[in-house]
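This briefing describes one protein model, beginning with a single strand and widening to the sheet around it and then to the whole chain. Please keep the sequence and the structure in view while reading.

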Amino acid sequence: MTFRVRCMAEPAPMRSIDPDSLDGGALYRLCTSLVVPRPIAWVSSISGDGQPNLAPFSFFNALSDQPAVLMVSIGAHRDREKDTLRNLRQTGCFAVHVVDEDLVEPMNITAADYAPGINEFVAAGLQAVACSRIAAPRIEAAAACMECDCIDLIPVPGTRFTMALGRIVMVHVQSRCLTESGMASPEALRPVGKLALNAYTKLGELFELQRPRLG
């Protein structure tokens, strides 16, 4: 089997940056502008006394498929844990919603640093409905939602972040977004990704590449 290698132009000059030479803000801006676009986990949770919470996180991804496990990295405020993390410790469950183009503004509203006890569903004008398998509510208008049991909370050494691992126990997807093969159509889902600072992105041009078969 022969592979064609396209001739590349002379590489552009590189600048090498030691992370230890940057303060926290500069390093955050650099890293979040390089790891792009990031999917957004719009997480709903519930406290031990039944108070719902809703907040977006862009340090998020899938980890495995059987069982289906995803990861959300949750930072801390300077003086306290975020409500989401506290809720996960108390009730052990959360739901992750896909942020689509129609829900960008409500998502942004829930990103504010509300005082504990404020219901972000109400603040953002969103209707909460009961999940099927977990105690936390979900967003009725979301195109897709994954209900999760929190199977582990792992502090990231030397940081203010905790990785929440969630085993997906139920998936909700609007029928219009599902293809005959059982996959979600990206064109129908219209997901929004996170870039650096206040920048977001929509889907651009889509293309496919067949994975090479060796031997």
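Strand β5 is mostly covered, with six of its seven residues buried, where buried means under 20% relative accessible area, exposed means over 50% and partly exposed lies in between, for a 1.4 Å probe and protein chains only. Strands (E, at least two residues) and helices (H or I, at least four) are DSSP runs numbered from the N terminus. The model is a predicted one, in which local features need pLDDT of at least 70 and side-chain atom pairs count only at pLDDT 80 or more, while totals for chains, interfaces and linings use all residues. Residues are numbered from 1 along each chain as its sequence is written, and side-chain values use heavy atoms, with hydrogens and water left out.

**β5 and its partners**

- Strand β5 spans residues 68-74 and pairs with β4 in the antiparallel sense over five bridges; two strands count as paired if DSSP finds at least two bridges between them.
- Between these two strands, N61 stands opposite M71, and A62 has L70 as its bridge partner.

- The open sheet holds seven strands in the order β3-β2-β6-β9-β10-β5-β4, with antiparallel pairing.
- Its edges are formed by β3 (52-57) and β4 (60-65), each of which pairs on one side only.
- Neighbouring strands of this sheet are turned by 30° against each other on average, direction ignored; axes are lines fitted to C-alpha atoms, for helices over the stretch in contact, and angles run from 0 to 180 degrees between N-to-C directions.
- Helix α2 (residues 83-91) packs on the sheet, where it touches β2 (41-46), β3, β5, β6 (93-98), β9 (144-155) and β10 (162-173), and its direction makes about 50° with that of β2; contact means heavy atoms within 4.5 Å.

**The whole protein**

- The protein has five helices and twelve strands, and its C-alpha atoms fill a box of roughly 60 × 50 × 35 Å along the principal axes.
- Of the 215 residues in the protein, 34% are buried.
- Among contacts with a separation of 6 or more, 60% are between residues 24 or more positions apart.
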